[in-house]
Amino acid sequence: MATDQNMSSWTDLLHSSTKLLEQAVPSAQFPPLQRNLDQLETLSKKLKAKTLRNEAPQQSIAATRLLAREGLNAEQLARDLKSFELKTTFEDVFPAEAMSIEDYLQQVHEMAMVSAVQEAQKDNLRSFNDHMLKVLEEDWQMEKRDFLQSLSHISTLPRTNVTYTVSAGSRPGQLTLIASSPHGSSGPSSMELVPLDSKPIHERKASVYAEVVKNLNNARQRGLPFKPATAFKGAYESLGLHASGGKSVNMQKIWHLLQTLLSEDMTIQQSYSKKMSLVIGARRHLEWGHEKYIMDTIQSHPAQAALGGVVGNLQRIRAFLRIRLRDYGVLDFDAVDARRQPPVDTTWQQLTEWINTGGMVPAEIATAASEECEKILRIGDRAGRPAYDKKKLLLYALISGSRRQIDRLLRDLPTLFNTIEDFLWFKLSAVRDCPVGAASIVVNESLVPYTLEDLQAYLNKFEPSYYTKNGKDPLVYPYILLLSIQLIPAVVYLSQESGEEGYNIDAAHISIVLADHGVLSESAGAGQKMGVMDAYAEASSIIRQYGSAYLRVDKLSMALEYYAQAAAAVGGGHLSWSGRGNVDQQRQRNLMLKQLLTELLLRDGGVYLLLGSRGAGEEGELRRFLIDAKTRQQFLLEAAYHCQETGLYEKSIEIQKRIGAFSMALDTINKCLSEAICAFSRGRSDGESRTASLIHSGNEILEADKYSSEVSPQERESVLEQQTVLRQLESILSIHKLARLGHYVDALREVARLQFLPLDPRTPDTTTDVFKNLSPHVQACVPDLLKVALACLDNMVDSDGSLRALRAKIASFIANNSNRNWPRDLYEKLARTL
């Protein structure tokens with residue numbers, strides 16, 4: 001309806017408009033206009049905007065009118081004005097005509113106090129926020145470090161087919177394992193292996209390192225040559241972890257340092273001491289780096305180098321100098337006519353590079369160089385004299401090896417070296433092979449040699465964070481320690497580094513390398529009081545801790561390899577494998593090896609790993625480390641005794657069976673059976689199953705003894721004695737079982753039949769000590785047996801007087817042995833029965 005009404009109204013309006021249009025008469029003043037709907041809409045919008053402007057507030061109209069009166073265009077001002085600022089004047093704040101000086105000063109004081117309070121509040125708030133952010137950051141770093149360290153105890157471990165989640169510090173992860181066999185041996189695995197490339201870095205590193213350790217142990221046992229640092233370096237390079245990530249030192253560089261440090265890439269003359277050989281190796285590593293830099297520079301500028309086909313060391317140095325000194329003019333070795341244009345003298349540069357790339361200077365020149373240093377320093381100190389040539393003085397100081405001149409040079413020219421490696425090369429090149437204390441007896445101060453201890457003392461003045469740039473380059477500090485022959489501190493520092501890179505894994509294997517070469521006796525830094533055995537013990541502890549991580553995942557075979565290296569480290573390295581170490585170290589090695597083998601033996605699967613499926617180690621891993629059969633048997637006897645002391649009776653019995661000590665095994669079984677019978681008599685639920693298992697084990701040992709051809713007559717006699725004890729204990733156990741089932745008559749009948757106790761009422765009383773020939777294991781069961789017999793008598797009716805006779809027999813027996821300190825409840829029970 002509403003729609004129809006609207007349509008009708010629109011129709012009426014259109015009709016009216018049409019009539020008006022027809023009635024309109026055109027005029028010249030108002031010509032007719034024709035507009036379409038779009039044009040009408042546009043005109044309507046303009047009219048509406050004009051109407052809105054006319055309806056502006058009165059204040060805006062007044063302001064526009066005021067500006068127009070002053071000749072200002074309001075629209076122009078609105079377009080040009082971007083911002084404005086209102087400022088108060090002095091009179092606006094302090095009206096001078098309304099106050100005195102005192103009022104003015106009072107108001108200034110109040111405003112200053114208010115401003116100071118407001119600024120203090122802002123400072124306090126800002127300081128509080130900064131402090132809370134710092135505390136939050138420290139808490140986060142601590143939580144993150146604790147979390148990573150907790151992961152390292154799991155990640156250090158290899159993965160097996162059990163539910164362990166995989167790096168001992170311990171430390172992010174270390175080991176990559178194959179699923180172990182039920183006995184912990186390295187047999188074939190039923191688990192599908194994960195590709196090595198898809199595993200984390202620490203697991204891949206641990207896996208390739210473990211193979212090197214096994215190869216090292218096999219080579220040492222067979223007396224074959226093996227270069228451990230070179231092998232570990234190759235294993236690390238096989239991982240493809242060459243990206244340094246902006247760090248100046250990576251593990252590949254450290255492994256190369258160890259390779260040259262220990263002279264595995266060449267042979268050092270035997271005339272040098274072990275310490276000096278290490279210094280030469282460290283210097284050669286730095287020289288190798290400089291040679292690499294020279295060759296890279298030559299290859300980058302082949303045209304300027306003009307090396308040609310000659311590849312001698314001097315020719316390479318000159319090619320390098322052509323590039324480096326290309327802006328100085330013609331060099332002396334390239335000059336054709338020196339009279340036409342004086343060439344650049346490169347004598348000192350050539351000599352510097354010659355020494356820096358491994359060139360040797362004759363020893364007889366050292367004294368002359370020292371004198372020349374003194375002369376240069378004296379001339380340079382005189383007034384009016386030109387300054388001395390730094391390169392010339394550097395070379396003379398380097399050749400002379402004088403501590404005084406080296407210290408003077410570095411004091412006068414603290415910025416002489418651009419990098420720490422250049423500085424260390426200079427210091428290592430100046431080090432002389434001087435016995436400890438020998439420098440103090442040199443008369444001429446200028447001839448006092450620069451020693452390795454001087455270098456170590458200087459480097460140790462600075463904190464590790466100075467070298468690592470507060471942890472941004474973590475391997476720089478251990479790199480510096482290794483270059484300065486502070487081996488143990490370097491390894492200890494690395495072992496404490498836990499992270500995704502697994503530096504603690506590298507620390508354990510660096511310890512293996514250093515211990516194998518037997519250089520740990522030279523490793524203590526200046527100011528560190530550490531004996532020779534302390535250094536080897538520290539390295540051994542790091543290796544052992546790393547190897548023990550395999551035990552937590554039942555990978556005993558791999559733990560055995562690292563334990564062997566831990567024992568060899570205490571023994572002095574590879575010499576201990578052949579018994580050529582000194583007596584004290586060999587003794588320490590044997591003690592630790594037995595201790596670690598015992599630790600493995602006591603683990604589940606340890607007997608199978610070390611002794612094999614049968615025998616006393618002839619088929620297991622034990623023969624690798626204890627070659628002599630008598631030594632193996634003695635070790636196993638000691639291990640069995642240790643098991644008894646720690647309560648591992650089943651393990652002790654198994655070991656004793658393996659070595660043919662059947663009487664000892666039976667004695668252990670009888671001891672356990674005696675304890676189990678006592679527990680059974682007191683109502684323990686597992687007593688019956690425990691006793692049955694022990695009796696079964698005892699019968700197996702008796703069967704093995706019967707068919708063994710290696711048992712001596714004395715051993716067989718001892719076995720028979722233990723067999724008698726076993727049968728006596730079985731008789732006591734049967735009486736307890738009958739009594740528990742309520743068969744009191746049968747139980748008392750068995751009591752009277754016991755041959756080793758005089759309880760038969762039909763036999764006369766005797767005063768002989770029946771306990772004299774009775775085993776202690778059986779004696780321990782007698783009080784409980786008597787209480788059971790008395791309990792059976794209390795539950796029966798005496799119809800013929802036989803029970804009264806048996807009760808009297810028992811009472812007499814107890815009275816005759818009252819000195820044995822039997823339980824008080826036995827006497828009380830006897831009193832109630834009587």
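Residues are numbered from 1 along each chain as its sequence is written, and side-chain values use heavy atoms, with hydrogens and water left out. Because the model is predicted, local features need pLDDT of at least 70 and side-chain atom pairs count only at pLDDT 80 or more, while totals for chains, interfaces and linings use all residues.

The protein chain has 37 helices and zero strands. Helices (H or I, at least four residues) and strands (E, at least two) are DSSP runs, numbered from the N terminus. Of the 834 residues of the chain, 40% count as buried. Buried means under 20% relative accessible area, exposed means over 50%, and partly exposed lies in between (1.4 Å probe, protein chains only). The chain exposes about 47800 Å². Carbon and sulfur atoms supply 53% of that area. Accessible areas come from the Shrake-Rupley method with a 1.4 Å probe; for residues, only the protein chains shown count as cover.

Helix α21 spans residues 487–495. Seven of its nine residues are buried, so α21 is largely enclosed by the rest of the structure. The buried residues are L487, I488, P489, A490, V491, Y493 and L494.

Salt bridges were assigned by distance: a side-chain nitrogen of Lys or Arg lies within 4 Å of a carboxyl oxygen of Asp or Glu. Side chains of opposite charge can pair when their charged atoms come close. The count comes to 21 salt bridges. In helix α31 (residues 687–707), E703 and K706 stand three residues apart, about one turn of the helix. Their side chains meet in a salt bridge at 4.0 Å, N to O. E703 is partly exposed, at 38% relative accessibility. K706 is exposed, with a relative accessible area of 53%.

Helix α32 (residues 713–741) holds R727 and E730, which are three residues apart and so separated by about one helical turn. Their salt bridge has an N to O distance of 2.3 Å. R727 counts as partly exposed at 32% relative accessibility. E730 also counts as partly exposed, at 25%.

Helix α35 (residues 782–794) contains D784 and K787, again three residues apart, about one turn of the helix. The N to O distance in their salt bridge is 3.4 Å. Both D784 and K787 are buried. Elsewhere, salt bridges that share partners join E561, E621 and R624 into one network.

V788 also lies in helix α35. V788 is buried, with a relative accessible area of 16%. V788 and V751 are 37 residues apart in sequence. In space, their C-alpha atoms are 9.7 Å apart.

E137, E138, D139 and E143 form a negative surface patch. Patches are made of residues with over 30% relative accessible area and no salt bridge; like charges are joined within 9 Å, and nonpolar side chains (Val, Leu, Ile, Met, Phe, Trp, Tyr) within 5 Å. Lys and Arg count as positive and Asp and Glu as negative, whereas His and the chain ends are not counted. The place of a charge is taken as NZ of Lys, CZ of Arg, CG of Asp or CD of Glu. E137 is found in helix α6 (residues 101–155). E137 is partly exposed, with a relative accessible area of 42%.

A disulfide is a covalent bond between the sulfur atoms of two cysteines. Under the cut-off used, a disulfide is a pair of cysteine sulfur atoms within 2.5 Å. The count comes to zero disulfides. The sulfur of C678 is 4.3 Å from the closest cysteine sulfur, in C781, which is too far for a bond. C678 is buried, at 11% relative accessible area. C643 is buried as well, at 0%.

Two loop residues carry backbone angles of note. Most residues other than glycine have a negative phi, and most peptide bonds are trans. S263 has a positive phi of about 60° although it is not a glycine. S263 sits in the loop between α9 (251–261) and α10 (274–300). At 18% relative accessibility, S263 counts as buried. Phi of D554 is also positive, near 60°, in a residue other than glycine. D554 lies in the loop between α23 (532–551) and α24 (556–570). D554 counts as partly exposed, at 34% relative accessibility.
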